[in-house]
Structure formats: structure tokens, C-alpha cells
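Subject: A structure for you to look at

Hi there,

Here is the structure I promised to pass on.

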Amino acid sequence: MKTLFCTVGGTRDPILTAIREHGPDRVVFVCSGTDVATGAPGSRAEVETKNPSLPAVARLPEGAWEVLEVPSDDPAGAILAIEDRVARSVGDGLCIFDYTGGTKSMSAALFFVACQTPDVQVSLVTGPRSDLVQVVSGLERMRLV
């Protein structure tokens, strides 16, 4: 089994590229929850409530994906949550960690766990950034790190 862990936040295109290029059997979306201070929805909404949802756009079958909610700006808390979930996947086959989306803390936490986990792959979706906000849609490419 191939499991793709990917941080979610920002634009969908890089996440969709990672899913398409890796062809995982299972996707674990690493997401932030609702911000306690502002009430703003976190990236979990992108996966579960936005219409169409990220899994629907990626054409992931029901049961082939899950959400792992981590703190948006607490790397230590995110690391603990990710480590716990990864421990249940490493024996099931290849694990791939794509840290393209999400907050800097979420991405750093996923990358940290990947560096501490033997026999995994790490990837990043890159491409031109004309406005320093996001990778230009349609020109992105996935790279193994």
C-alpha cells in the first residue's frame, strides 16, 4: 500500500499534482482546524466542506482518504500528531510525505517527521511563482526531495 501524507492550505493545484503523480492508495490530508482566536475555518474545510471537496476533485474513493488535524502554528504539537499517525502506516508499505501546502509550521512538522522516519519518500511540488503567493496553475511539477 502507498500512503501519501500531504499538508493542506493555500491553493489546491499542487496537492492535486502530488496525488496525480504519486497515485497513492490512501491519502492523509494534514490540516488545520478552526482558528480559536478568530473562528476562521482552517484547511480542514478545504477537504471536508468546500464544494467541491478536495477528495472529490482528486477523484479519491470514499475510504481512501482521511483528515489528520494538527495545530496550524504549533510545530511540536503537529509533530506529535503526525508521528502518531505515521506509526500506523510505515509497516503497511511506502509512505510519501509532500509538504507543499499548509502553514510553515505544518510543513516543517511533516518534513521533520519524514526526516526521522526510515524508508520514506519526501516530495515537494514546485513551479513558477509570478506573484510570490502561489505556484502558477498548470505549470507545477512534483519533485522527490
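Below is what I found in it, from the whole chain down to single residues.

This is a predicted model, in which local features need pLDDT of at least 70 and side-chain atom pairs count only at pLDDT 80 or more, while totals for chains, interfaces and linings use all residues. Residues are numbered from 1 along each chain as its sequence is written, and side-chain values use heavy atoms, with hydrogens and water left out.

**The chain overall**

The protein chain has five helices and six strands; these are DSSP runs numbered from the N terminus, with at least four residues (H or I) for a helix and at least two (E) for a strand. Read from the N terminus, the order of elements is β-α-β-α-α-β-α-β-α-β-β. Of the 145 residues in the protein chain, 46% are buried, where buried means under 20% relative accessible area, exposed over 50%, and partly exposed in between (1.4 Å probe, protein chains only). The accessible surface of the protein chain is about 7500 Å², and carbon and sulfur atoms account for 52% of that; areas come from the Shrake-Rupley method with a 1.4 Å probe, and for residues only the protein chains shown count as cover. If you take the contacts (heavy atoms within 4.5 Å) between residues at least 6 apart in sequence, 59% join residues at least 24 apart.

**Around H5**

E4, H5 and E5 form a right-handed β-α-β unit; right-handed here means that, with the strands pointing away from the viewer, the path from the first strand over the helix to the second runs clockwise. E4 and E5 are paired in the parallel sense over three bridges, pairing being called when DSSP finds at least two bridges between two strands. Val122 in E5 is the bridge partner of Phe97. E5 is largely enclosed by the rest of the structure, because five of its six residues are buried.

Helix H5 itself covers residues 104-116, and its 13 residues reach 18 Å from first C-alpha to last, close to the expected 18 Å. That expected span is 1.5 Å times one less than the number of residues. The buried residues of H5 include Ser105, Met106, Ala109, Leu110 and Val113. An α-helix has 3.6 residues a turn, so residues three or four places apart point the same way. Among the elements that cover the buried residues of H5 are E1 (2-7), E3 (65-70), H4 and E5 (121-126).

**Ser89**

Ser89 sits in the loop between H4 (75-87) and E4 (94-98). Is Ser89 buried or exposed? Ser89 counts as buried because its relative accessible area is 4%. Its side chain makes a polar contact of 2.5 Å with that of Arg85; such a contact is a pair of N or O atoms within 3.5 Å where, within protein, one must be able to donate a hydrogen and the other to accept it, and residues adjacent in sequence count only if both atoms are side-chain atoms. Leaving out residues up to four places away in sequence, Ser89 touches Thr3, Phe5 and Cys95.

**Backbone details worth a look**

Most residues other than glycine have a negative phi, and most peptide bonds are trans. Arg59, in the loop between H3 and E3, has a positive phi of about 60 degrees although it is not a glycine. Asp119, in the loop between H5 and E5, also has a positive phi of about 60 degrees. Arg59 is exposed at 75% relative accessibility, and Asp119 is exposed at 74%. The peptide bond from Asn51 to Pro52 is cis, with omega near 0 degrees, and Pro52 lies in the loop between H2 (44-48) and H3 (54-57).

Best wishes
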